[in-house]
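Please look over the sequence and the structure shown below before reading on. The paragraphs that follow lead through selected parts of the two chains, one step at a time.

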Amino acid sequence: MDTWSLLSICVLLGLTTRWAVSLNSYSGAGKPPMFGDYEAQRHWQEITYNLPVHEWYFNTTDNNLNYWGLDYPPLTAYHSLLCGHVASLINPDWVELHTSQGFESSAHKLFMRATVLIADLLMYVPAVVLYCFYLSEGSNRKKVCLVLCILLYPGLILIDYGHFQYNSISLGLALWGVLGLGLGWDMLGSLAFVLAVNYKQMELYHSLPFFCYLLGKCFKQGMAGRGLFLLVKIAVTVLVTFTLCWLPFLTDPGQVLQVLHRLFPVGRGLFEDKVANTWCSLNVLIKIKTILSTDTQLYLSLAATLLAALPSSIKLLTKPTLWQFKLALVNSSLAFFLFSFQVHEKSILLPALPVCLLLGDLPLPAVWFLQASTFSMLPLFLKDGLFVPYAVTSSAFVFYSVYLLSALEHSSEEELRLRPVRRLVCLPRVDLGRIARWTFYLSVAAMAGLSFMSVALAPPARLPDLFPLLVSVFSFLHFLGLLLYFNVVQIAEPPSPRRKNPKKTE
Amino acid sequence: MRSANQIERRRQRRRRRRRRILSSGLYNTVMAASTADSWSWFPALALGVSFLKCLMINSYHSTDFEVHRNWLAITHSLPVSKWYHESTSEWTLDYPPLFAWFEYGLSHVAQHFDKKMLVVQNLGYASPATVLFQRLSVIATDVVFIYAVRECCRSVREEKGSKDLLVRPYFILAALLLWNYGLLIVDHIHFQYNGFLCGILLLSVARHLQGRHLEGAFLFAVLLNLKHIYLYIAPAYGIFLLRSYCFTKDNTDGSVRWSSLSLVRLIALGSIVISVCALSFGPFIAMGQLPQVLSRLFPFKRGLCHAYWAPNIWALYNVVDKALSVGFLRCLVVCALCSFMFGWHVHEKAILMAILPLSVLAVESREDAGIFLMLATTGHYSLFPLLFTATEMPTKVLLILLFTLYSFTSLKKLFRGFLLNTLEVTYLLGLIAVEIICEVVYPLLPWKQTLPFVTLLAKSVYCSLGVSYSFIRLYLSILRPTDKPKEL
């Protein structure tokens with residue numbers, strides 16, 4: 001069959017899965033007074049549609065910041081404004097100031113879900129298709145399989161179409177950034193990434209690799225001539241884009257400070273709720289939140305994050321290739337997730353995107369990580385009543401990505417790049433590939449088991465948070481292990497110029 | 001114990017094979033080599049569609065959902081003597097007794113999900129547990145359909161040629177059947193058990209194609225006692241079995257040799273059919289309730305048209321004897337289409353009874369593929385009004401695009417060339433125009449208030465052209481003299 005028809009079928013399958021998941025409940029459905037993220041998005045449409053720009057981020061009588069105040073950068077606000085205009089055309093009650101608070105109806109749900117689908121279709125899906133066809137290796141069939149597997153990644157589907165968010169826009173823009181850089185269009189790539197950061201400030205998790213890659217490229221081209229020129233061009237692009245995005249707020253420095261204050265709430269503490277990162281897991285053994293002051297916590301997490309992200313960034317700086325760039329994206333964002341301040345469980349999507357890009361090259365570790373990332377958000381899905389879609393999409397994803405990408409057949413020691421580990425471990429007889437496969441089977445079985453226990457069994461009275469805690473600690477161990485693995489793969493790659501395409505093993 | 005040389009030679013063979021695979025285009029070879037003998041792709045296809053069905057659990061369901069809940073309640077809570085007399089709900093039991101026993105069996109599982117659904121008085125009860133159970137029961141009973149599809153694929157003629165799995169007839173047939181749009185929409189959204197029933201039908205067909213006629217007859221008898229709508233294709237079955245199973249020899253010119261009637265076979269066939277019917281209707285005949293059961297099964301009071309939706313014309317019902325020489329499956333499809341075109345109180349869903357068996361013919365003959373594309377596309381589009389909610393609009397559009405795109409491209413690749421002429425393609429593109437006019441343009445016009453059913457009528461009439469055209473073409477293919485003696 002023709003590639004384009006196979007591709008269309010895969011895209012249609014991805015879209016059908018997304019819409020089918022959106023038939024389920026959303027975050028905070030029918031739960032006054034605060035509701036959830038769905039109501040937050042609707043509220044932002046109300047605020048941006050009815051109020052002037054200079055009031056969006058400020059606490060006024062019309063805008064109560066305690067009730068889902070805007071805490072994303074300006075692009076989210078502009079997007080909400082656009083959606084607000086469309087909403088008011090269909091039914092003004094949806095965005096009526098004050099009276100529309102907590103508005104819920106099936107027509108409104110259809111409208112909101114449709115906005116997510118349209119954003120996905122315009123931003124994320126084309127980026128995935130273009131990435132698979134222009135920046136990945138293999139036959140056309142494999143590229144189509146890759147498109148399907150990336151589109152089936154459950155984490156993004158369940159958060160965007162279930163819980164309700166617009167991650168497909170920020171992740172899509174980041175992916176356009178990767179595309180631009182990969183194809184050698186550095187300015188367009190930088191532009192796309194700056195837009196991504198201006199949509200959701202969490203994209204800063206990806207900023208270090210982008211910075212190091214571009215800087216490394218400039219260095220390689222020679223800081224005396226073309227390199228400097230490239231650096232200047234990129235810097236100008238970044239500054240101009242930032243200026244254009246923040247234009248309405250640049251009139252008054254107070255505005256800028258307030259927005260920054262909303263984006264980076266440093267007063268809120270090391271973590272909230274159960275997250276699969278270091279601090280929350282450490283908190284089980286040592287109550288760090290009570291031992292250390294807020295300032296110390298801030299500096300500790302800053303130091304730990306930079307330390308964890310540093311090796312990968314330096315390696316990328318010295319060797320700015322696409323392969324290193326993809327690995328650095330994974331390593332940096334995962335380091336930020338594990339050690340940063342005020343991390344939410346949904347932020348696992350930030351490392352998940354670059355890992356999706358590695359599905360074609362390292363299928364088994366990628367599938368493992370992506371499944372663990374979806375599993376880590378299980379408590380959130382249970383709260384939103386999304387267990388059935390979670391179970392179905394996770395099973396489908398694991399099955400199809402392992403089947404279509406032959407993940408288990410490509411799990412030899414060589415293909416998993418475990419030679420450096422062998423040198424460290426010094427056990428000549430052990431087949432690391434076999435160990436990897438069996439650990440994978442056990443891990444998936446454990447995840448399935450814990451998922452069913454979370455929904456079928458009631459936790460003991462003394463430990464009401466037992467299952468969320470088990471889920472987050474289990475996921476944390478996976479993330480830590482995979483962080484080490486991806487760092488080893490990135491750093492152990494020899495710096496010889498001969499190995500331009502490291503995937504083609506002899 | 002193997003010698004060191006043997007071990008070394010084995011290693012070298014493995015290494016060479018690995019290199020060959022890596023160099024010759026990984027995925028094509030792996031696909032071909034691994035599936036030449038194994039059918040590992042079949043579970044992948046079946047699982048995929050089952051996952052999709054599970055995702056549809058929370059979508060819109062029609063009154064048929066309440067119908068089946070009511071039947072679960074009736075069969076579980078009341079004694080057998082009251083089943084066909086119970087009329088608390090308007091959705092009285094109007095399927096044959098075997099289906100009532102099937103619902104009875106299901107109700108024993110249902111009680112573990114939510115006991116309240118089994119109370120007859122709980123009209124319209126649809127708790128989340130009830131929805132989950134009912135939806136899962138449809139998905140679970142589809143196992144019969146999946147098995148039947150596998151058997152049908154086994155019977156499909158294999159052609160030598162392309163090694164590419166995606167262009168093999170049995171793969172295309174499996175995809176067209178397992179992922180059939182009509183079944184997904186009607187069974188897993190609207191809510192019915194057609195997959196289960198069509199599975200029994202296809203299994204019966206497969207058994208006949210495999211020469212296991214007694215099993216096929218048994219399965220068909222069971223099917224008739226599950227849903228009596230299949231009576232419409234009983235003549236095709238009856239005549240075929242009589243002709244090719246009971247009469248053991250033919251004359252040299254192909255006509256029947258009357259003297260070769262095998263009484264043993266006739267008695268075996270008859271006793272199977274009668275015993276199944278006896279098992280099903282027996283208890284009711286013993287209780288003297290046969291007239292009541294029959295009046296429920298054949299409600300002639302209901303009227304000629306079920307709704308505006310079914311593109312049919314009422315006329316005479318027809319049985320074709322000449323069909324014998326052109327093959328059992330073709331005769332079956334024509335009978336099913338006859339019943340759709342001219343039958344009494346036809347549901348639009350009955351088009352599935354023709355589309356599914358036609359899929360088997362479509363992967364074997366170029367002309368049938370063309371007819372299939374016309375009938376399937378038109379028939380599937382005619383199911384659109386079944387899901388009238390706005391939330392289901394993306395679902396039905398995405399799924400119909402998926403199925404139509406796949407059927408067109410796969411069959412075109414299989415038969416290497418265009419299967420439809422310009423007029424047919426224009427008609428099918430017209431379906432898109434009809435949809436846009438009905439859903440987008442008409443609501444903006446002032447007549448929407450006074451004549452709200454115009455859109456349904458328009459769709460019905462437009463689709464009836466395509467269905468009638470396919471019917472005529474299939475009918476003509478029977479009337480044409482055939483050279484091949486015994487095809488499908």
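This is a predicted model: local features need pLDDT of at least 70, side-chain atom pairs count only at pLDDT 80 or more; totals for chains, interfaces and linings use all residues.

**Helical spans and their surroundings**

For residues 262-286 of chain B, the end C-alpha atoms lie 33 Å apart, with 96% helix and 0% strand.

Chain B has 488 residues, of which 54% count as buried. Among the contacts in chain B with a separation of 6 or more, 77% are between residues 24 or more positions apart.

One pair of helices in chain B can be examined in detail. Two packed helices are described by the angle between their axes and the distance between the axes. The axes of helix α4 (residues 63-77) of chain B and helix α5 (residues 97-110) of chain B come within 8 Å and cross at roughly 85°. Angles of 65 to 115 degrees count as roughly perpendicular, and α4(B) and α5(B) are therefore roughly perpendicular to each other. On the α4(B) side, the residues that meet α5(B) are His68(B), Trp71(B), Leu72(B), Thr75(B) and His76(B). Their partners in α5(B) include Phe99(B), Glu103(B), Tyr104(B) and Ser107(B). The residues of this contact divide into seven nonpolar, five polar and one charged.

Attention now turns to chain A. An unreviewed UniProt entry gives residues 1-22 of chain A the annotation "signal peptide". This span is 91% helix and 0% strand, and its end C-alpha atoms lie 31 Å apart.

How many of the eleven residues of helix α6 (residues 154-164) of chain A are buried? Eleven of the eleven are, so α6(A) is largely enclosed by the rest of the structure. The buried residues include Pro154(A), Asp160(A), His163(A) and Phe164(A).

A residue in a loop can also be buried, as Gly102(A) shows. Gly102(A) is found between α3 (74-90) and α4 (106-134) of chain A. Its relative accessible area is 16%, and buried means under 20%. Leaving aside neighbours within four places in sequence, Gly102(A) is in contact with Phe35(A), Glu39(A), Arg42(A) and Tyr67(A).

Notes: Residues are numbered from 1 along each chain as its sequence is written. Chains are lettered from A and ligands numbered from 1 in the order in which they are written. Side-chain values use heavy atoms; hydrogens and water are left out. Buried means under 20% relative accessible area, exposed over 50%, partly exposed in between (1.4 Å probe, protein chains only). Contact means heavy atoms within 4.5 Å. Axes are lines fitted to C-alpha atoms, for helices over the stretch in contact, and angles run from 0 to 180 degrees between N-to-C directions. Helices (H or I, at least four residues) and strands (E, at least two) are DSSP runs, numbered from the N terminus. Angles under 35 degrees count as roughly parallel, over 145 as roughly antiparallel, 65 to 115 as roughly perpendicular and the rest as oblique. Ala, Val, Leu, Ile, Met, Phe, Trp, Tyr, Cys and Pro count as nonpolar, Asp, Glu, Lys and Arg as charged, and the others, Gly among them, as polar. UniProt positions are given in the numbering used here, feature names are shortened, and annotations may be inferred rather than shown by experiment.
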